Amino acid sequence: FDLGGLLHNSTLFENLMLPRQYHNVISVKDAEELVSFYMKELKIDKYKNYRPSAVQGGVRKITCLIRPLLIQPDLLLIDDPTLGVSQDTLLKYFGLIQKLRVQGFARHIFISTIDEKLMSLVEHKEIILDNGVILTEPRVGEKKVVHF
């Protein structure tokens, strides 16, 4: 979610605890510690008791970016992470993802963005979507086209 996807009758902290409630993969105590850690690392901990409508769009975006990390997923889908988020925060965020990868999580990450500067900062394989056709170049000289 760009700026939505948060429950407006809950605080940012409560919103970040949602994956624990739905997936029950870690204890409440561990989830609370992780949420506090992520909020502090990405410098939004001062907003933990605020509701989404009371904070700037960038804070809501960061909250949406943090939320899936709580369950240590194998797959992350990240849609335009640069919207309203500083480059320093994004670098910190991708550093947190890298730590998850070292631990064996977040093995597959799909980022949808037109921000070439961001993509120059992370190792990636580019997939281009052009009028409903996915273009990739898995090997030098061979172009693969996938229709859907």
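In the predicted model, the axes of helix 2 and helix 4 come within 10 Å and cross at roughly 145°. The contact joins F37, Y38 and E41 of helix 2 to K92, L96 and L100 of helix 4, and by class the residues of this contact comprise 4 nonpolar and 2 charged, with no polar residue among them.

Helix 2, which spans residues 28–41, also packs against helix 1, residues 12–23, at an angle of about 130° and with the two axes 10 Å apart. Since angles over 145 degrees count as roughly antiparallel and those from 65 to 115 as roughly perpendicular, helix 1 and helix 2 are therefore oblique to each other. The crossing of helix 1 and helix 2 is right-handed. On the helix 1 side the contact is made by L12, F13, L16, M17 and R20, which meet V28, A31, E32, V35, S36 and M39 in helix 2; the residues of this contact divide into 8 nonpolar, 1 polar and 2 charged.

The largest pocket is lined by 30 residues, of which I109, I111, M119, H124 and K125 are the closest to its centre. Two or more lining residues are given by each of strand 1 (75–79), helix 4 (87–102), strand 2 (108–112), helix 5 (116–121) and strand 3 (127–130). By class, the lining of the largest pocket consists of 16 nonpolar, 6 polar and 8 charged residues.

Key: Residues numbered from 1 in each chain as written. Predicted model: local features only at pLDDT ≥ 70, side-chain atom pairs only at ≥ 80, totals over all residues. Heavy atoms only, no water. Axes fitted to C-alpha atoms, helices over the stretch in contact; angles between N-to-C directions. Helix = DSSP H or I, 4+ residues; strand = E, 2+ residues; numbered from the N terminus. Parallel < 35°, antiparallel > 145°, perpendicular 65-115°, else oblique. Left-handed = near helix turned anticlockwise from the far one by under 90°. Contact = heavy atoms within 4.5 Å. Nonpolar A, V, L, I, M, F, W, Y, C, P; charged D, E, K, R; others polar. 1 Å grid on protein atoms, 1.4 Å probe; cavity = no way out; pocket = protein on both sides within 12 Å on 5 of 7 lines; lining within 4 Å.
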